[in-house]
Amino acid sequence: MSEEITKIENKTWREKIKLSNRQKKKIYQMLGAEQFQKVVFFVEDVRYKMIDRFFPNIKKWYEATCDKQYLEMQKRSKKKENQKSLYDYQMTKLAFRKELAYKQNRNYHYNPNYPMKFIEYLEKNKRIHQISFLKNGIFLVLLGLSFSFLSAISPILFYCLVAICTVGLIKDFACINLQNYNLCRFQEEKIRKRLNELEALKRQESLEKLSKVIKPVSSVIERQLEIPSVEQVIQQVETEEQKQQLLSYAKWQLDNLKQIKEKPKQKRIGGI
């Protein structure tokens, strides 16, 4: 009987301190999520301006790197695993191409066609920064413990390392806080369920738009390691109906790109 009372008391205590998503979001705002979001915008803009100006061949380099990684992995894997991995690498390359076209980092921008993928990016990015935060924290503690030794050898080096770790901690904390802020709107089960349904609906719409050309286009993707060129895709299209469907899909994608670029960036990042 006493155990049951204790469970009830513990449950009541947990419920009392449990915060709603709205309260959590308010805390993340107070910790600077929206201010850091502006920093993310600025860094993103600078990144793509620099890519356009100084790294015009980055797409070629990135895809060559992916191809090399795949070929190395292929030597160590079974045939069935290779087929799945090839598709994954192709999707990774396409995702990078999309980043260059939209000038958006994939892990910070909500895509209404793939809402669950965005959540996956947020959670993955959050885990990366949590690990980095822990590493920087441990390294900073070790620097503190070795203060006498390192400061005697090179005070400048010591304070440079402390500064690097401190900046890293601040950056990781800000990133984690921003991810939590963005994840807040997706935490409720009803919202996740609705997003899953929305993603399935969007996927079905895309399949319908490409119902006549999926097989011929997929065949050329499966035959080669490189992403097919526009000319190679067109060569697979044989009937007039397929041509019209492919053209219609291309126009639809261009309209999506135009709409996204016209939207204020403040509303595009992190969701709705």
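A polar contact here is a pair of N or O atoms within 3.5 Å; within protein, one must be able to donate a hydrogen and the other to accept it, and residues adjacent in sequence count only if both atoms are side-chain atoms.

1. **What you are looking at.** This is a predicted model, where local features need pLDDT of at least 70 and side-chain atom pairs count only at pLDDT 80 or more, while totals for chains, interfaces and linings use all residues. Residues are numbered from 1 along each chain as its sequence is written, and side-chain values use heavy atoms, with hydrogens and water left out.

2. **Overall make-up.** The protein has 13 helices and zero strands; helices are DSSP runs of H or I with at least four residues, strands are E runs of at least two, and both are numbered from the N terminus. Of the 272 residues, 33% are buried, meaning under 20% relative accessible area, against over 50% for exposed and in between for partly exposed (1.4 Å probe, protein chains only). Among contacts (heavy atoms within 4.5 Å) with a separation of 6 or more, 76% link residues 24 or more positions apart.

3. **Asn125.** You will find Asn125 in helix α6, which covers residues 115–145. Its relative accessibility is 10%, so Asn125 counts as buried. The side chain of Asn125 makes a polar contact of 2.6 Å with the side chain of Gln179. Leaving aside residues up to four places away in sequence, Asn125 touches Asn107, Tyr108 and Gln179.

4. **Helices α2 and α8.** Two packed helices are described by the angle between their axes and the distance between the axes. Here, the axes of α2 (residues 21–30) and α8 (residues 155–183) come within 9 Å and cross at roughly 150°. The axes are lines fitted to C-alpha atoms over the stretch in contact, with angles from 0 to 180 degrees between N-to-C directions. The pair is therefore roughly antiparallel, the term for angles over 145 degrees. On the α2 side, Lys25, Tyr28 and Gln29 make the contact, and on the α8 side Asn177, Asn180 and Tyr181 do.

5. **Lys103.** One backbone angle deserves a look: phi of Lys103 is near 55°, a positive value in a residue other than glycine. Most residues other than glycine have a negative phi. Lys103 sits in the loop between α5 (79–102) and α6. With 32% relative accessibility, Lys103 counts as partly exposed.

How values were computed
Angles under 35 degrees count as roughly parallel, over 145 as roughly antiparallel, 65 to 115 as roughly perpendicular and the rest as oblique.
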